[in-house]
Amino acid sequence: MLRSVIVFSSFIFFSCQSPETAVFTELHDNASIKSIAEMQGEKRSGLYVELDARGNLLTQYHFENDKLNGKQTTYNTQGYPQIVAHYQAGQLQGDYLRYDKSGRQVQEKCTYKNGNKHGKAQWFFNKPKDA
C-alpha cells in the first residue's frame, strides 16, 4: 500500500505542473481507487496507474498524446515487478524484461525495435537447489 501512496502523491505533484493537465480517477466498487490518469483534453498524457481493490499497484504506464511512451511496469500480486518494457509512440522499443515471482531474477530479456522483436531473446533459469 505504501508504494501506491508514493506513486499517487508524486502523480499529483506532477499533474499540477501544467494548467492544461487534468487528473481523472476511476473507482472500484468498494470506493478504492482503480486507476489514475493524467489527461490533456481527452487524451492520456503523462502517468497512468492501475491499482487493485486493496490499493496495491498493478501497472504503471506513461503516455504521450494517448500513446504509450516511456517505461511500463507491471507488478505481481506481491508487489514485485513482473514485466518492465519501454514504448515509443505506442510501440515496444528497447529492452523488455520479464521477472520471476520474487521480482529479483530476470527470466526473459529481449529487445524491441519499432514494435518487433530485434535480435535474440535470452532466457534465464534458476539452478535447481541441492537435495
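Start by selecting Y48 in this predicted model: Y48 is buried, with a relative accessible area of 14%, which falls under the 20% that marks a buried residue.

Y61, like Y48, is buried.

Keep Y48 in view and bring in F63. Here the ring centres of Y48 and F63 are 5.9 Å apart and the planes stand at 85 degrees, so the pair is edge-to-face. With Y48 in strand β3 and F63 in strand β4, the pair ties together parts that are 15 residues apart in sequence. F63 is also buried, its relative accessible area being 9%. With Y48, Y61 and F63 shown together, you are looking at a cluster linked by ring pairs.

From F63, move on to N69, which has F63 among its contacts once neighbours within four places in sequence are left aside; the others are H62, E64, Y87, Q88 and A89. N69 belongs to the loop between β5 (67–68) and β6 (70–75), and with a relative accessible area of 24% N69 is partly exposed. Zoom in on A89, whose backbone nitrogen lies 2.9 Å from a polar atom of the N69 side chain.

Finally, select Q93: N69 and Q93 are 24 residues apart in sequence, while their C-alpha atoms are 9.2 Å apart in space.

Conventions. Residues are numbered from 1 along each chain as its sequence is written. This is a predicted model: local features need pLDDT of at least 70, side-chain atom pairs count only at pLDDT 80 or more; totals for chains, interfaces and linings use all residues. Side-chain values use heavy atoms; hydrogens and water are left out. Helices (H or I, at least four residues) and strands (E, at least two) are DSSP runs, numbered from the N terminus. Buried means under 20% relative accessible area, exposed over 50%, partly exposed in between (1.4 Å probe, protein chains only). Contact means heavy atoms within 4.5 Å. A polar contact is a pair of N or O atoms within 3.5 Å; within protein, one must be able to donate a hydrogen and the other to accept it, and residues adjacent in sequence count only if both atoms are side-chain atoms. Rings of Phe, Tyr and Trp (its six-membered ring) pair if their centres lie within 6.5 Å; planes under 30 degrees apart count as stacked, over 60 as edge-to-face and the rest as tilted.
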